[in-house]
Amino acid sequence: MSRFYITTAIPYVNAKPHIGFALELVQADVVARYQRQLLGKDNVRFLTGTDENALKNVQAAEKEGRPTSEYVAEMSERFRSLTQGLNISNDDFIRTTEERHVRGATKLWQSCRPEDIYKKSYSGLYCVGCEQYYTEDELEDGLCPDHNVKPEMVAEENYFFKLSSYQGRLEQLIASDEFKIIPESRKNEMLAFIRRGLEDFSISRSRTRAKDWGVPVPGDATQVMYVWFDALSNYLNALGYADRGELWQDFWAKGARKLHVIGKGITRFHCIYWPAMLLSAGLPLPNEIFVHGYVTVDGQKISKSLGNTVDPVELVNKYGAEPVRYYLLREIPAWEDGDYSEAKFKQRYESDLANGLGNTFSRVTNMVEKYGLPAADSAKVPPERAVQHDIDNFQFDVALGKIFGFLRTIDQEIEQTKPWQLAKEGNENKVQEFLNGWVQELRQVGKMLAPFMPETSQKITAALRAERITKAEPLFPRLI
Ligand SMILES: [Zn+2]
């Protein structure tokens, strides 16, 4: 057993990747890298990708006067290069226009219990931005609460999924944590939503309204699948669900631990629709859903109309992957919303990275070069598992707070013990003893940082592994 499968959500490609998705990639990457340390590289699989079948993608392509397939291919590349820029360790990247996905989505539809899918006429208020129907009382002044636009009234015949049949089972699975939602506040939201009563939801669109774009409904040429129905199945399809291949067996069917990392805006799809679809198809459920908050910019919600979008690719190009990873993981509380501002970014960079980590590291290595180390290692070793619990809890900010706390302690000890004075007084043995302790601690810091800042971790580890430790180059040059 002991296999682990982790996924991010797959974003629509109607706009460039934004900083909120960068947060999700980085969070999932920490968990994936950490699990590889525990289970070995072959026992972990990490998936991300892009959702390309939405109507809003078609509209975005139309706006640019380009064929949809060409447009989504190019936009998908931007997401792929974001994963590379941020040094994300995903094993696979799925596009929902790929054949493996279309075949899998089709198979999932066909595998649902026949009595769970039925056709009916329907009319409702639809927001294309959200790709979902709204009831009157969910709107704010008649507008979509997320997009501030008036949803369109849509009336057509669609296929529906009998979600109402799964109310009791879903409530029980979520309440018992058999299907675990983290944090608890999100779990309670979902339980409250279920207890208000679940309504069946539409899982197809007319081919005309979908502008002939999407996964065809098996056996009905007039309809395509509702984008969420096909999109959710990407988690199975990337493992070769359509052919029930080896990856599918190892990482889904035969008891691997399965975790989806998502943003708070799509909990209902992942915590209610998705498990119900899997139950209907007789497939195992994911074990856990981790829900992160949103990133605001200068205290405001990111929106195109405010023009306050932050391009994570530009940030990476300017500062490098590691400072961006650090900021997102340290400054954004993983369970809640958090804020980005350029001022705060620079402050974190200067105080935590250039000064805290970088300076402490070069101080210690500098002194080792000067005064040397005792022949035998005999010093205290801080708890290597200090942050294990925090990573298991998805509290990356707390974990980094602890690691940087160790660094602060080293720095304070240097100030208090003043090794350079001890050396002047001829107490070199004492100096070496202190240095030995700090080097051990820095080695541990290097190890603990590995899932968060893999390159920095490697630099620290390599420098301290050297036969003769010499003064390290600055890890993070100061900003000018
Ligand atoms: Zn909307």
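This is a predicted model: local features need pLDDT of at least 70, side-chain atom pairs count only at pLDDT 80 or more; totals for chains, interfaces and linings use all residues.
## A strand and its partners

Now zoom out to the strands themselves. β12 covers residues 257-263, and β13 covers residues 288-292. These two run parallel, joined by 5 bridges. β12 also pairs with strand β1, which spans residues 4-8. That pairing is parallel as well, and it has 5 bridges.

## Tucked away or out in the open?

So is β12 buried or exposed? Of its 7 residues, 6 are buried, so the strand is largely enclosed by the rest of the structure. Here, a residue counts as buried when its relative accessible area is under 20%.

Next up is a pair of helices: α5 (residues 167-175) and α10 (residues 267-280). Their axes come within 10 Å and cross at roughly 115 degrees. Angles from 65 to 115 degrees count as roughly perpendicular, and therefore that is how α5 and α10 sit to each other. The crossing of α5 past α10 is right-handed.

## Who touches whom?

Which residues make this contact? On the α5 side you'll find Arg169, Leu170, Leu173 and Ile174. They meet Cys271, Ile272, Pro275, Ala276 and Leu279 in α10. Sort the residues of this contact by type and you get 8 nonpolar, 1 charged and no polar.

Notes: Residues are numbered from 1 along each chain as its sequence is written. Side-chain values use heavy atoms; hydrogens and water are left out. Axes are lines fitted to C-alpha atoms, for helices over the stretch in contact, and angles run from 0 to 180 degrees between N-to-C directions. Helices (H or I, at least four residues) and strands (E, at least two) are DSSP runs, numbered from the N terminus. Angles under 35 degrees count as roughly parallel, over 145 as roughly antiparallel, 65 to 115 as roughly perpendicular and the rest as oblique. A crossing is left-handed if the near helix is turned anticlockwise from the far one by less than a right angle, and right-handed if clockwise. Contact means heavy atoms within 4.5 Å. Ala, Val, Leu, Ile, Met, Phe, Trp, Tyr, Cys and Pro count as nonpolar, Asp, Glu, Lys and Arg as charged, and the others, Gly among them, as polar. Buried means under 20% relative accessible area, exposed over 50%, partly exposed in between (1.4 Å probe, protein chains only). Two strands pair if DSSP finds at least two bridges between them.
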